[in-house]
Amino acid sequence: MAITKVMRDWLEERLEFKESIDGFLFRKVPRGVGWWYTLGSATMVTFILLSLTGVFLMINYSPSPDHAYESVQYITNEVPFGSLIRSIHFWSASAMVVFIGLHTIRVFFMAAYKYPRELTWIIGALLFLMVMGAGFTGYLLPWDQKAYWATNVGTSIAGQMPLVGPIIQKILIGGKTIGALTLTRFFTFHVAVIPPLIILLIGIHIILVVKLGISAPPEK
Ligand code: HEM
């Protein structure tokens with residue numbers, strides 16, 4: 001106990017973080033906010049869970065067509081707590097999609113996107129796209145029949161877009177059919193491109209939320 005206080009005081013003397021942390025944690029919020037206002041934080045908690053479990057999954061996963069399926073089976077059946085970690089990753093992903101959907105609906109119906117929070121909304125919309133992208137690219141990684149055919153349907157839908165569709169489909173798949181390059185690309189986007197972008201965007205989103213303050217609930 002005493003040692004943590006010494007360490008805290010040592011850091012506080014150098015960084016003076018108490019004021020900014022207090023400003024963040026104990027900032028004023030409008031009267032009447034309730035459970036609807038917790039959905040953004042709930043989305044963030046699921047993202048933290050996904051990042052932590054994702055690192056553990058990555059330690060044992062192999063993104064090659066020859067080993068992807070087996071490595072997922074290995075994680076599920078052999079790695080200690082592997083099945084639990086995989087399940088938490090899976091269910092957190094589903095929960096994140098539900099929470100981000102509900103958060104968007106709440107912000108929309110309470111008109112919280114209006115001046116001066118338009119930028120918060122725009123960053124949120126980018127976050128929505130990133131979260132969908134993470135779900136789409138993650139679905140292929142178990143490399144089973146469901147993953148293969150779902151990606152086939154998803155990339156074919158992208159291919160139907162006028163003019164740019166076929167090019168986008170080719171970039172996503174990395175050729176004419178789903179194969180090794182598709183898996184490498186999806187894995188790269190799933191772990192190295194989309195999560196850092198989500199972290200950056202959440203950072204900007206939260207800075208804006210703190211700076212602008214939360215909107216008051218609409219009058220009845
Ligand atoms: C990873 C995704 C997201 C996270 C972690 C997140 C987080 C948060 C948090 C913690 C708040 C504070 C108030 C609250 O929770 O309701 C908030 C507010 C807000 N968010 Fe999000 N959000 C995300 C996605 C989105 C999306 C998809 C949109 C809309 C397209 C959006 C638009 C907004 C707006 C406009 C506010 C201000 C609300 C107000 O002042 O009442 N956010 N967000």
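Start by selecting Phe90, which is partly exposed, with a relative accessible area of 47%. The model on screen is a predicted one.

Show both side chains and compare the rings: the centres of Phe90 and Trp91 are 5.3 Å apart and the planes stand at 90°, so the two rings form an edge-to-face pair. The count of aromatic pairs in the model comes to seven.

For another group of rings, select Phe108, Phe109, Tyr113 and Trp121. Ring pairs join these four residues into a cluster.

Now go to the iron atom of the ligand. Which protein atoms are its donors? Select His103 and His205: the NE2 atom of each is a donor, and the distances to the iron are 2.0 to 2.1 Å. Colour the helices to see where the two residues come from. His103 belongs to helix α5 (residues 82–109) and His205 to helix α9 (residues 180–212), so the pair, 102 residues apart, links distant parts of the chain. Both His103 and His205 are buried. The iron site has six donor atoms, with angles of 88 to 179° among them, and is octahedral.

Last, select Arg117, in the loop between α5 and α6 (118–140). Is Arg117 buried or exposed? Arg117 is buried, yet it has no salt bridge. The nearest side chain of opposite charge is that of Glu118, 8.1 Å away; a salt bridge would need a side-chain nitrogen within 4 Å of a carboxyl oxygen. To see what surrounds Arg117, show Ala112, Leu212, Gly213, Ile214 and Ser215. Arg117 touches each of these, leaving aside residues up to four places away in sequence.

Key. Residues are numbered from 1 along each chain as its sequence is written. This is a predicted model: local features need pLDDT of at least 70, side-chain atom pairs count only at pLDDT 80 or more; totals for chains, interfaces and linings use all residues. Side-chain values use heavy atoms; hydrogens and water are left out. Donors are N, O and S atoms within 2.8 Å of the metal (3.2 Å for Na, K and Ca); water is not among the atoms, so sites may look incomplete. Four donors count as tetrahedral if all angles lie between 85 and 135 degrees; four count as square planar and six as octahedral if opposite donors are over 155 degrees apart and all others between 65 and 115; anything else is irregular. Helices (H or I, at least four residues) and strands (E, at least two) are DSSP runs, numbered from the N terminus. Buried means under 20% relative accessible area, exposed over 50%, partly exposed in between (1.4 Å probe, protein chains only). Lys and Arg count as positive and Asp and Glu as negative; His and the chain ends are not counted. Contact means heavy atoms within 4.5 Å. Rings of Phe, Tyr and Trp (its six-membered ring) pair if their centres lie within 6.5 Å; planes under 30 degrees apart count as stacked, over 60 as edge-to-face and the rest as tilted.
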